[in-house]
Amino acid sequence: MQSITLQTGDTIITSGDQLGQLQFAASAESDGGAALLVVGRISCQAEGSFGSSSNPSSLILSTSAADANAVVDRIKITDNGHVLPASDNSYDLGSTNLGFRNGYFSEGVILASNAPSVTTNKLYNEGGTLKFNGSPVAGGGGTMTTVKANGSQVGGADIAT
């Protein structure tokens, strides 16, 4: 198998140090100006000090917008395997034209802070109120049901129906 390894020449690595990056540009674009700039980047950065038994790092995906001159960090895969937006409350998962069909989770609940047009069978958080199909769960829009298995409560969780 062939591979390419990007590596830093730094002898001491601390949190925030760049370890390597791939950048994409259209350097021969005839319009010049912003058209020649880097428009995409995949970079790796240290998330802590490196040592003989520790090398925490994250991958960052960056793109430029149609009206931007420079790439902006969009998605970060952390040293713990979490996929995060690069800045808080800035990016969506999916879009109005390209949405995800299913999400599979071993535990937990996904709640949207600002639900778009609610049709049917939608559970979301609006301004701190848990809603089901557009109505508050406690008080009219649905009921809270304790999850049970063989008559015993499971994991202390409730399900809105």
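Modeller: Here it is; please keep in mind that this is a predicted model.

Colleague: Which residue does the side chain of aspartate 73 meet in a salt bridge, and where do the two partners lie?

Modeller: Side chains of opposite charge can pair when their charged atoms come close. Here the distance from N to O is 3.2 Å, and a salt bridge asks for such atoms within 4 Å. The pair links distant parts of the chain, 32 residues apart, with aspartate 73 in strand β4 and its partner in strand β2. That partner, which counts as buried at 18% relative accessibility, is arginine 41.

Colleague: How many salt bridges does the structure hold, and which residue meets lysine 76 in one of them?

Modeller: The structure holds two salt bridges, and in one of them the side chain of lysine 76 meets its partner at 3.1 Å, N to O. Lysine 76 lies in strand β4, while the partner, 29 residues apart from it, sits in the loop between β2 and β3. The partner is partly exposed, with a relative accessible area of 25%, and it is glutamate 47.

Colleague: In what order do the strands of the open sheet stand, and which strands are at the edges?

Modeller: The open sheet has five strands with antiparallel pairing, in the order β1-β2-β3-β4-β5. The twist averages 20° from one strand to the next. Two strands have a single partner each, so one side of each is left without a neighbour in the sheet, and these edge strands are β1 (18–25) and β5 (83–85).

Colleague: Which residue in β2 is the bridge partner of glutamine 21?

Modeller: Strand β2 covers residues 38–46 and runs antiparallel to β1, to which seven bridges join it. Within β2, the bridge partner of glutamine 21 is serine 43.

Colleague: About what area does the nonpolar surface patch have?

Modeller: Its residues include Leu22, Phe24, Ile42, Leu59 and Ile75, and the elements that give two or more residues to it are β1, β2, β3 (57–63) and β4 (72–77). Isoleucine 42, in strand β2, is partly exposed with a relative accessible area of 33%. The area of the patch is about 950 Å².

How values were computed: Residues are numbered from 1 along each chain as its sequence is written. This is a predicted model: local features need pLDDT of at least 70, side-chain atom pairs count only at pLDDT 80 or more; totals for chains, interfaces and linings use all residues. Side-chain values use heavy atoms; hydrogens and water are left out. Two strands pair if DSSP finds at least two bridges between them. Helices (H or I, at least four residues) and strands (E, at least two) are DSSP runs, numbered from the N terminus. Axes are lines fitted to C-alpha atoms, for helices over the stretch in contact, and angles run from 0 to 180 degrees between N-to-C directions. Patches are made of residues with over 30% relative accessible area and no salt bridge: like charges are joined within 9 Å, nonpolar side chains (Val, Leu, Ile, Met, Phe, Trp, Tyr) within 5 Å. Accessible areas come from the Shrake-Rupley method with a 1.4 Å probe; for residues, only the protein chains shown count as cover. Buried means under 20% relative accessible area, exposed over 50%, partly exposed in between (1.4 Å probe, protein chains only).
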